[in-house]
Amino acid sequence: MELNILTLAYIIGSVTFILGLKMLSNPATARRGNLIAAGGMSIAIFATIFLYQTEDGKGLHNYAWIFSGIIIGSIIGTLAAKKVKMTAMPEMVSMFNGMGGACAALISAVEFDHVYREFRLDANIFSDAVSFGHYFTISAGAIIGSVSFAGSMIAWGKLNGRIKDFTFKGQHIVNLLFFGFILVVAGLTYWSNSSITNIWFLITMLSALIYGIMFVLPIGGADMPVVISLLNSFTGVAAACGGFLYNNKVMLTGGILVGAAGTLLTILMCKAMNRSLLNVLIGSFGASNAAAAGTKKQAGNYKEISVTDAAMLMSYAKKVFIVPGYGLAVAQAQHTCHELEKLLEEKGVEIKYAIHPVAGRMPGHMNVLLAEADVSYDKLMEMENANDEFKSTDVVLILGANDVVNPAAKNDPSSPIYGMPILEVEQAKTVIVNKRSMKPGYAGIENDLFYQPKTSMLFGDSKAALQKLIAEIKAI
Amino acid sequence: MENILNIITENQQMIYIVILMVFLGIEVIGRVPSVLHTPLMSGANAIHGVVIIGAIIVMGKASTDNYLALVLGFLAVVLGTLNVVGGFVVTDRMLEMFKKKK
């Protein structure tokens, strides 16, 4: 009876995950979808705690440990999720993803310990005692979980600027060899003498952690969203390994579902940048050829614009486009930006936002940010539509965006971002670029747009610059 | 060879689930607008927190004198809960903002 209820709970759980993901992909139902998935998850978790039975028909024990773990995790998780700033969202997702990966790796470690203790006395060689399928899932869960954990932590560090890019020549070959090394060690674990099997397993996990670090370290910060999405699907697969281990269908469904959806999302993101996944993983951004391409034609002059002139230009324009980028997020200028939008609208200026799919540090980052400031949905235009409208636009105001408006992506085949679809802002009559300095953006590429005659620079922190603009426009 | 075939036959149910879920996962999010990419990633991130069930099973099965398993299992439960709770709350926070101005 109890087991039947558990099965039912797992089925409900699985269905809510699928429904939740489905509803998450539609703006109208997204929030409900998230809650439904959360509800299904709670049902599955509590059913497991109270109804799960081991093969010999016994229930679970150690309730004190389980509940204190859940309570501690819930408190920290809720606080972290509530406190985090909108701009730090990508880091937070990466962090939580790392926790999931670590969880999967730890499960495998404990399961290994369990199997190891049971069979160490019975057999000389580990492979005699444990079936290959069982060991394979343990090992895969441990390796993938560890890689996902270490990788997510590095991605987290990179996004908040604690960790810098680190590359050396032949890094990818070293990484590849190291990955081979992990597989060899994992094999040795299986076929080793049972007295040292645990040491081999420890080496496997440690090397997987190191591999996770080495895997993410050379990838440029601009590509971090793709990496996080990829690691997200890794963790899904690691969770599915747990499902295999315990013949647990809900873990399997949830894990594989996320694994598949995450992989597709990763590919969609790469497509938005017109690059292949392999290129993102291997072609470390901003490396030698980028620097060479950038330095050659840096000689151009740029002109600065005063706040007063910018204010004048914008308030007498018919149509203004705002192109938000990471600079807006860093300066927390979304509310000020919305204020400017309202002010200009009162003056009869048609104002819209042009959103590049990979602006910011995550796809959709800008949408989330502007949504926080109550910017209306229909003011946000996706790239293709915006590109059609730039021709009839008087002023484009770029707020801390760089690579997504870099014309090199269109006309410089030697540029590392060549082929990436961009917002073609140079079609507008005037372009005002707000940046803190002339330094190249996150990907480390020079931007020709800044040196074009119709472009003028408005230096300063986005928020401060916008506040001054608002004051000036009010004064007009 | 026969070994592998045996594994497949023994786990055929699970393998069917894997195959179907791969297609379903791709199909379900295939039409997502880029506006929702971040919340979707975050939501998917919360869903793979289902791994916590494994942590609970590990913890609940560990014998009370096996401290290694207890400590590692406890850590797994804490981290798994972080993933689930944090993931869902963060996603909800993001989506709450989307809804306000509709």
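Among contacts in chain B between residues at least 6 apart in sequence, 62% join residues at least 24 apart; two residues are in contact when their C-beta atoms, placed from the backbone, lie within 7 Å. This is a predicted model, in which local features need pLDDT of at least 70, side-chain atom pairs count only at pLDDT 80 or more, and totals for chains, interfaces and linings use all residues. Residues are numbered from 1 along each chain as its sequence is written, while chains are lettered from A and ligands numbered from 1 in the order in which they are written.

**Chain B on its own**

- Chain B has five helices and zero strands, where helices (H or I, at least four residues) and strands (E, at least two) are DSSP runs, numbered from the N terminus.
- Along the sequence, that gives the pattern α-α-α-α-α.
- The radius of gyration of chain B is 19 Å, whereas a compact globule of 102 residues would have one near 13 Å; the radius is taken over C-alpha atoms, and the globule rule is 2.2 Å times the number of residues to the power 0.38.
- Taken along the principal axes, the C-alpha atoms of chain B fill a box of roughly 55 × 40 × 15 Å.
- Of its 102 residues, 58% count as buried (buried: 20 or more other C-beta atoms within 10 Å of the residue's own; exposed: 12 or fewer; partly exposed: in between; C-beta atoms are placed from the backbone).

**Where chain B meets chain A**

- The contact draws 79 residues from chain B and 93 residues from chain A.
- Helix 1 (2-10), helix 2 (12-29), helix 3 (37-47), helix 4 (52-61) and helix 5 (67-100) of chain B each supply at least two residues of the side that touches chain A.
- Helix 5 of chain B gives the largest share of that side, 32 residues.
- By type, the chain B side divides into 49 nonpolar, 21 polar and nine charged residues (nonpolar: Ala, Val, Leu, Ile, Met, Phe, Trp, Tyr, Cys and Pro; charged: Asp, Glu, Lys and Arg; polar: the others, Gly among them).

**Residues to look at in chain A**

- Most residues other than glycine have a negative phi.
- A:Asn62 has a positive phi, near 60°, and sits in the loop between helix 2 (30-51) and helix 3 (63-83) of chain A.
- Because 21 other C-beta atoms lie within 10 Å, A:Asn62 is buried.
- A:Asp374 also has a positive phi, near 70°, in the loop between helix 16 (365-372) and strand 3 (380-382) of chain A.
- A:Asp374 counts as partly exposed because it has 13 C-beta neighbours inside 10 Å.
- A:Ala475 belongs to helix 19 (residues 462-475) of chain A and counts as exposed, with 8 C-beta neighbours inside 10 Å.
- The C-alpha atoms of A:Ala475 and A:Thr308 are separated by 9.7 Å, though the two residues are 167 residues apart along the chain.
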